[in-house]
Amino acid sequence: MTGTRPFKRALDRLQTAGFRPTRQRLGLARLLFEGEHRHVTAEQLHTEAMGADLRVSLATVYNTLNQFTAAGLLREVVVEAGKSYFDTNTSDHHHFFLEGTGRLEDIPGDDVVVQHLPPAPPGTRIARVDVIVRLSAEPGEER
């Protein structure tokens, strides 16, 4: 029998990042990485995991998302205090955030030009600039 192993893409990403592929990590990685790039909150991923019969606590989802972010597999996008999305697209890019709905959309990195940044404080360096353009729906319009 020939063919690829189920979850191969998720398994490869975990192993490349140095993670032991536990059942929970592999299941969460599959939900995150098997499709198109996406933005997801921990709560959304937890709901998806439960729907996929992956028994995992919300705390484990948070821990896994933070581990994947630290390893460079995800990017955390903080849209407001206490509200973060995890982005599977780790390339250089920015975001539109539609207030009211919580929808987050990518803006290609080259579409935003930031000039005249202040110097970084002593002992630090600028690692990256993240731009979040906040949108509100026009009266009578829904997006």
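Here is a short tour of the structure, stop by stop.

**Before you click**

This is a predicted model, so local features are described only where pLDDT is at least 70, side-chain atom pairs count only at pLDDT 80 or more, and totals for chains, interfaces and linings use all residues. Residues are numbered from 1 along each chain as its sequence is written, and side-chain values use heavy atoms, with hydrogens and water left out.

**Stop 1: colour by confidence**

Colour the model by pLDDT, the predictor's confidence in each residue, from 0 to 100. The protein averages 89, and 93% of the residues score at least 70. Now pick out helices (H or I, at least four residues) and strands (E, at least two), which are DSSP runs numbered from the N terminus. Which helix has the highest confidence? Select residues 42–51: that's helix α3, with a mean of 97, while helix α1 (residues 8–16) is lowest at 83. Where pLDDT is low, the predicted coordinates should not be read in detail.

**Stop 2: R38 and E48**

Stay with helix α3 and show the side chains of R38 and E48. They form a salt bridge, and their closest N and O atoms are 2.3 Å apart. (A salt bridge here is a side-chain nitrogen of Lys or Arg within 4 Å of a carboxyl oxygen of Asp or Glu.) R38 sits in the loop between α2 (23–33) and β1 (39–40) and E48 in helix α3, so this pair ties together parts that are 10 residues apart in sequence. E48 is partly exposed, at 30% relative accessible area; buried means under 20%, exposed over 50%, and partly exposed in between (1.4 Å probe, protein chains only).

**Stop 3: E99 and R134**

Next, select E99 and R134, whose side chains meet in a salt bridge at 3.6 Å, N to O. E99 is in the loop between β4 (93–98) and β5, and R134 is in strand β6, so you're looking at a link between distant parts of the chain, 35 residues apart. E99 is partly exposed at 39%, and R134 is partly exposed too, at 38%.

**Stop 4: E105 and R103**

Is E105 buried or exposed? Show E105: at 19% relative accessibility, E105 counts as buried. E105 forms a salt bridge with R103, with 3.0 Å between the closest N and O atoms, and R103 is partly exposed at 41%.

**Stop 5**

The whole structure has five salt bridges.
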